[in-house]
Amino acid sequence: MPVIDARHLTAISETALLTLHQRAAEAARPDGIIEDPLAIALRDSLGYDYQHFGRTHQATALRALAFDNATRRYLQVRPRATVVALAEGLQTSFWRLDNGEMGWLSVDLEPIVQLRRQLLPPSDRLSHLAQSAFDYSWMDQVDLTNGVLITAEGLFQYLERDAVWDLITTCAARFPGGQLIFDSVPRFLSWYSQGRGIKLSKEYTAPPMPFSFTADRYDELRAIPGVRAVHELEMPAGRGKVLSRAAALIYRSRSLERFRAPTNVVEFA
């Protein structure tokens, strides 16, 4: 497969390369926590100096597994549902989750969509829209017949609160009976990212994350018209006994809700 230059991706779009690299590096390990051979092939087909991002870790793969688990649970009940992946980047979730029946709508900006179309396998149940997630015309393309699950993996933290709240409010009104999954960061991490920045290496600093949200604030989501329920996903089992046990304790403790980075499920009435 020819190597395609990906150095034109910048700012938030460049984080698609970061998360791809982290997930592929984990999948390539003999003891990796995620099976994702397509992520490895996709990473290797893109011309980019991934060392630019610094050390790899399992956190991105853990987040992907949390989204996978929640999506599978939804599809077990509604196997022919439509999954809408907002700002999907270079995720390979469709191929990890494909049950042979679901529909999948990937929404992202043109440079990302172009790479996805060039390098990822086609499917008659997978379609792409080259536009911002905040151009709500994508909602007109969603088949509501068999259920709707919307994912926003690695998106909301880079936005302002008003934009996030407006999107959730609009989804609640447009997709009754559907669900939304999103991840978020605690306030201290958001504050730090907007000040000194989170420097992952000498060459790379992650973009600021102005939006913070934690599980102790779920009442704010429940107050949105059309929101029926909100809950936090469990952290999947990670690599390493000590780390896994510590993470399990952190994610079960209500007193630590405001300090952890949750993955959240919003159910629409």
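Two residues are in contact when heavy atoms lie within 4.5 Å of each other. Keep that in mind for the views below.

This is a predicted model, in which local features need pLDDT of at least 70, side-chain atom pairs count only at pLDDT 80 or more, and totals for chains, interfaces and linings use all residues. Residues are numbered from 1 along each chain as its sequence is written, and side-chain values use heavy atoms, with hydrogens and water left out.

**View 1. Leu189 sits in helix α7, residues 187-195.**
Helices here are DSSP runs of H or I with at least four residues, strands are runs of E with at least two, and both are numbered from the N terminus. Setting aside neighbours within four places in sequence, Leu189 is in contact with Ile198 and Met209. (Buried means under 20% relative accessible area, exposed means over 50%, and partly exposed is in between, using a 1.4 Å probe and protein chains only.) Ala261 is 72 residues away along the chain, yet the C-alpha atoms of Leu189 and Ala261 are separated by 9.1 Å.

**View 2. Here's the whole protein chain, with nine helices and 11 strands.**
Its radius of gyration is 18 Å, close to the 18 Å from the globule rule for 269 residues, so the chain is as compact as a globular protein of that length. That radius is taken over C-alpha atoms, and the rule is 2.2 Å times the number of residues to the power 0.38. The C-alpha trace spans about 45 × 45 × 35 Å along its principal axes. Of the 269 residues, 53% count as buried. Look at the contacts with a separation of 6 or more, and 74% of them involve residues 24 or more positions apart.

**View 3. Trp138 belongs to the largest nonpolar core, which has 34 residues.**
A nonpolar core is a set of buried Ala, Val, Leu, Ile, Met, Phe, Trp, Tyr and Cys residues joined through side-chain atoms within 4.5 Å. Which members touch the most other members? They are Trp138, Ile150, Phe156, Phe182 and Leu221. Elements giving two or more residues to this core include β3 (82-86), β6 (148-152), α6 (161-174) and β11 (263-268). Helix α6 makes the largest share, six residues. Apart from this core lies another one, of 24 residues, among them Leu42, Tyr48, Leu90 and Val185. Back at Trp138, and skipping neighbours within four places in sequence, its contacts include Val84, Leu105, Ile150, Leu167 and Phe175. In soluble globular proteins, nonpolar side chains tend to be buried together.

**View 4. Six aromatic residues are linked into a cluster by ring pairs.**
The members are Phe156, Trp165, Phe182, Phe211, Phe213 and Tyr218. Rings of Phe, Tyr and Trp (its six-membered ring) pair if their centres lie within 6.5 Å; planes under 30 degrees apart count as stacked, over 60 as edge-to-face and the rest as tilted. How many aromatic pairs does a search of the whole structure find? It finds 12. Arg161 lies over the face of Trp165, 4.1 Å from the ring centre. For a charge to sit over a ring, NZ of Lys or CZ of Arg must be within 6 Å of the ring centre and within 35 degrees of the ring normal.

**View 5. Glu14 is part of helix α1, residues 11-28.**
With 14% relative accessibility, Glu14 counts as buried. Not counting residues up to four places away in sequence, Glu14 touches Leu9, Tyr48, His52, Phe53 and Tyr204.

**View 6. Leu120 sits in the loop between α5 (110-119) and β5 (126-130).**
Its relative accessibility is 8%, so Leu120 counts as buried. Beyond neighbours within four places in sequence, Leu120 is in contact with Leu38, Leu42, Gln91, Thr92, Trp95 and Leu115.

**View 7. Ala87 has a phi near 50°, a positive value in a residue other than glycine.**
Most residues other than glycine have a negative phi. You'll find Ala87 in the loop between β3 and α4 (93-97). At 23% relative accessibility, Ala87 counts as partly exposed.

**View 8. Thr56 lies in the loop between β2 (46-47) and α3 (59-77).**
Thr56 counts as partly exposed, at 40% relative accessibility. Leaving out residues up to four places away in sequence, Thr56 touches His21, Gln22 and Ala25.
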